[in-house]
Amino acid sequence: MGIWHMARIGFIGLGVMGREMALNLARAGHAVTGHDAVPGVAAGLAEQGITPARDLAHAAEGAEFVILMLPDTPQVEAVLTGPEGLLPRLRPEQMVIDMSTISPVATRSMGEALAARGVAMLDAPVSGGAAGAKGARLSIMVGGEAAAFARAKPVLEAMGTKVVHVGEIGNGQTVKLCNQLVCAINIQAMCEAVALARASGLDPAVAREVLMGGSANSWMLENLGPMVLAKDASAGFRIDLKLKDLRLANDLAFQKGVPLPGTALVTSLYLEARAHGEGSNGNQALFRVYDRMTAQGG
Ligand code: NAD
């Protein structure tokens, strides 16, 4: 696909991220058929230009690109290589692009299973949150063959502003796990600063304003800072998904023999949050762990 053309796309997983990404593909002029395990979700997007699929197989039928935006490794495996999965139906002219955040190891083995049928696969996880998905401003890290990347790039550019090929299949996921540990440790740093400012009788909003003007500034301070100050725990990016990413990062670190002490610490704090029933809250709700530790709750 050297010059732009309208592509037929099957989009599977229309949750917080997937629905916005599918809508951007439709707005860019692509023909998008959508499917979600939750009945009615795809039909709810019909007025906005998504054709609802009858089932998984219908979503993939005749699609040049089959895009997945699912929670975790088991769901991607079920859709691709599981007993009811798409693998036997896929044809060599089709390409699978998995944009979920999942295991790099499982990604490589699914890539091999698809390659055995002549089907190219890219892993293309994203960063930028629900706002980035909505505004087509995602950063997209792509692993796979260079030729497949070149074919998919115009489609990916309808969803993101930074689309980077990072090498062989699975590498996209590895870069994403690096991204996630930086995000988690940044949130932790922000929550610690707010806890200390509050306990010292300072207005944390004023402190945030000054921090944002200097070398302590971060995406987290800019985008999630207001929610932390307002004690708004709503999702966004759920703590359950954050813990899934930290588990994947810790697993990879263990395999590679790389100590990640900062990641291990923030993982424990997120586990504390989940133990207090916060799994469905947004990942900025780490501030509640600090509220509990400093008796600032409420
Ligand atoms: P989500 O839970 O809101 O959406 C996932 C969707 O997949 C749901 O609608 C669910 O019903 C559907 N689904 C699950 N199993 C399915 C199956 N077998 N077949 C069809 N549909 C199925 O999650 P999300 O926040 O959109 O995140 C999706 C992925 O993107 C995750 O891997 C997450 O880690 C990653 N991610 C999320 C964010 C964020 O800010 N939310 C940012 C970057 C990356």
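**Sheet, helix packing and annotated sites in the predicted model**

Strand β8 (residues 138–142) runs parallel to β9, and the two are joined by 5 bridges. Strands are DSSP runs of E with at least two residues, helices are DSSP runs of H or I with at least four residues, and both are numbered from the N terminus. The model is predicted: local features need pLDDT of at least 70, side-chain atom pairs count only at pLDDT 80 or more, and totals for chains, interfaces and linings use all residues. Residues are numbered from 1 along each chain as its sequence is written, and side-chain values use heavy atoms, with hydrogens and water left out.

Two strands count as paired if DSSP finds at least two bridges between them. Axes are lines fitted to C-alpha atoms, for helices over the stretch in contact, and angles run from 0 to 180 degrees between N-to-C directions.

UniProt annotations follow the numbering used here, with feature names shortened, and may be inferred rather than shown by experiment. An unreviewed entry places the feature "domain: 6-phosphogluconate dehydrogenase NADP-binding" at residues 8–167. This span is 32% helix and 23% strand, and its end C-alpha atoms lie 26 Å apart. The annotation "domain: 3-hydroxyisobutyrate dehydrogenase-like NAD-binding", also from an unreviewed entry, covers residues 170–290. Residues 170–290 are 70% helix and 0% strand, with the end C-alpha atoms 35 Å apart.

Helix α1 (residues 18–27) has 8 of its 10 residues buried, so the helix is largely enclosed by the rest of the structure. Buried denotes under 20% relative accessible area, exposed over 50%, and partly exposed the range in between (1.4 Å probe, protein chains only). The buried residues of α1 include Met21, Leu23 and Leu25. Glycine 29 follows α1 and has a positive phi, near 105 degrees. Threonine 33 lies in strand β2 (residues 31–35), and counts as buried because its relative accessibility is 17%. Beyond its neighbours within four places in sequence, threonine 33 is in contact (heavy atoms within 4.5 Å) with residues including Ile9, Phe11, Ile50, Pro52 and His58.

Lys176 is listed by UniProt under "active site" (unreviewed entry). Lysine 176 is found in helix α7 and, at 6% relative accessibility, counts as buried. Residues up to four places away in sequence aside, lysine 176 touches Thr101, Pro125, Val126, Ser127 and Met141.

Helix α7 (residues 171–199) packs against helix α11 (residues 239–256) at an angle of about 120 degrees, with the axes 9 Å apart. The two helices are therefore oblique to each other; angles under 35 degrees count as roughly parallel, over 145 as roughly antiparallel, 65 to 115 as roughly perpendicular and the rest as oblique. The contact involves, among others, Thr174, Leu177 and Ile187 of α7 and Leu246, Ala249 and Leu252 of α11. The axes of helix α4 (residues 104–115) and α7 come within 8 Å and cross at roughly 165 degrees, which means that α4 is roughly antiparallel to α7. This contact is made by Pro104, Thr107 and Arg108 of α4 and Asn171, Gln173, Thr174 and Leu177 of α7.
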